[in-house]
Amino acid sequence: MKVTIFGTGYVGLVTGTCLAEMGNHVVCVDVDADKVAGLERGQIPIYEPGLEPMVTRNHASGRLRFTTEAAPAIAQAETIFIAVGTPPDEDGSADLRYVLEVASTIGEHLDHYAVVVDKSTVPVGTADRVRATLRAALDARGAKVEFDVVSNPEFLKEGDAVNDCMRPDRIVIGSSSDRAIAQLSKLYAPFNRNHERLVVMDERSAELTKYAANAMLATKISFMNEIANIAERVGADVEQVRLGIGSDPRIGFHFIYPGAGYGGSCFPKDVQALERTAKAHDYTATLLEAVEAVNAKQKHKLYELIERHFEGDLKGRTIALWGLAFKPNTDDMREAPSRYLMEALWKAGARIRAFDPEARDEARRIYGEREDLLLCDSLQETLDGADALAVVTEWKAFRSPDFEMLAERLGERVLFDGRNLYDPEQVEEAGLAYYGIGRGRSA
Ligand code: UGA
C-alpha cells in the first residue's frame, strides 16, 4: 500500500518505518528541512532501540523516503497519517494548530479518495475538526473528492517503540465508514496475526480511549507514590507493599513502581489535556486533578530528601547524578525528574556532576555550558569530589554499583535512590546512608 505520514517525531517515524518494514511504500513529510536531510542520510534524530537499522534497511530498499514536499506525497497516498505534535497551549489544552495545518494542506492537494488518519494524541472531537478543515480546503478550490477521517491512536512507549509498533497489543480504529475500516484493516493485517487485535469503534470513543489509557497508567503511578509517602511516615517499606499488592491480577505489577514522579512527553500533557476537555464540558475531573497534584509534589521528592539530609546547607556541595533521561532507553528529557532535581539543587547553590548513557547531548542542548553542571563520560567520573549520589533514572548499567567503592569516594557517604533500585541493607552495610522513596527509614 502507499502511505504518507506527516510528522517525523517518535510516532510518525516509528509508524512509518514499521509500515515500510511490512512491505508498504511510505513517504514521511516534515517541515524541518534539516531533519529531513539528516534522515535521508541515515541520521536518526532520536535514540530509540532498533530503529536505526530498520530505517536504514527500508530506506535502502526504496520503501521509506523523507521529504519536505507535501504535494507529491499526498498525490501518491492511499492512506495519510497525521502524526505531528500537539503541544500543550497556555491552559494545558492540546494545541491543534499543526494537526489542522496538515488537514488544510491535504485539502489543498488531494485529488483521489484517501483515508486520513489521526495518529497524534488529539482531544475528543478532533476528527470532526480535521474533516471540516480538509473539506473547507477542498471546497476552496472547487474539488469534489471523497475522503474519510479516522481516529487511530498510537500506544507506543518510548524506549520500546519499535517493539510496540511491530507487536501491538491492540489497534484501535475509530470510524463509521466501512470503506475506511476495510482499508485500514488491510494495512494492519500483518500486525494482526494469531489473535484479533483490531478494536473498531466510533471516532469519539477512539479519541477518548487514548486519553483514558494514559490517564489510567498515570493514576496507578500517582496512587503508588501516594502509598510511598504514607509508607515513609508509618515506617513501612513500599517495595514490600508493591510485591504484596501486585500479585493480585486485578491490580498487576505494571506501573506501580514509585519514584520521582512520571515524566515524558505524554502523561503530564495528556492528563492535563483530559482534565481541560472535561472542564470544557462542565465536568470537574477531581481524580485527574489529584493525580496531577500528587505528581507535582513527587517531582520535588528527591530534592526534599537531599535538602533534609544536609539540613538545608547545600551551598558549595557537589552531587553526583546518575540518569538524566525521563526513563531508560531514551535520550528524551521532557518533564524529566532530573530537571526538577537539578534546577532545585542549583538554586540552593550546589554543583552537579551528571552521567546518562544517552541524554548528555540533550542536557547540553537544554542547559548549555554552565559552571555548576559537568556532564561526565562515565559513572566513575561523576564521583570525583562528590558529596552524595542521587540515582534518578533506572538504566540497567546503574543497577549493581560497587557500594564499598561508593562509600570510599563519596565525601558524605550518602546515596539517594530515586527509583528504589537497591537493597537498603546492602547499601548501609557498605557504610553509606540510604534514602529511597517510601522506604520507612527516609521519614
Ligand atoms: C506512555 C504510555 O506508556 C504509552 O502507552 C503511550 O503510547 C505513550 O505514553 C504516549 O502517549 O505516546 P512513555 O511516556 O513513553 O509512554 O513512557 P512510560 O514508560 O509510560 O513512562 C512514563 C513515565 O512514568 C516515566 O517517567 C516513568 O519513569 C514513569 N513510571 C512508569 C513510574 O514512575 N512508575 C511506573 O511504575 C511506570
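This is a predicted model: local features need pLDDT of at least 70, side-chain atom pairs count only at pLDDT 80 or more; totals for chains, interfaces and linings use all residues.
Two residues are taken to be in contact if their C-beta atoms, placed from the backbone, lie within 7 Å. Helix 14, made of residues 337–347, lies across strand 9, strand 10 and strand 12. The direction of helix 14 makes about 175° with that of strand 9.

These strands belong to a wider arrangement. In general, the strands of a sheet pair through backbone hydrogen bonds, in either a parallel or an antiparallel way. Here, six strands make up an open sheet with parallel pairing, and their order is 11-10-9-12-13-14. At the edges are strand 11 (373–375) and strand 14 (433–435), each of which pairs on one side only. From one strand to the next, the twist averages 20°.

At the edge formed by strand 11, the partner is strand 10 (residues 351–355), and three parallel bridges link the two. A handy place to look is R353, which stands opposite L374 in strand 11.

One further residue deserves a visit. According to an unreviewed UniProt entry, the annotation "active site" covers C266. This residue, C266, sits in the loop that joins helix 10 (238–246) and helix 11 (267–280). Is C266 buried or exposed? A residue counts as buried if 20 or more other C-beta atoms lie within 10 Å of its own; C266 has 22 C-beta neighbours inside 10 Å, and therefore counts as buried.

Technical notes:
Residues are numbered from 1 along each chain as its sequence is written. Two strands pair if DSSP finds at least two bridges between them. Helices (H or I, at least four residues) and strands (E, at least two) are DSSP runs, numbered from the N terminus. Axes are lines fitted to C-alpha atoms, for helices over the stretch in contact, and angles run from 0 to 180 degrees between N-to-C directions. UniProt positions are given in the numbering used here, feature names are shortened, and annotations may be inferred rather than shown by experiment. A residue is buried if 20 or more other C-beta atoms lie within 10 Å of its own, exposed if 12 or fewer, and partly exposed in between; C-beta atoms are placed from the backbone.
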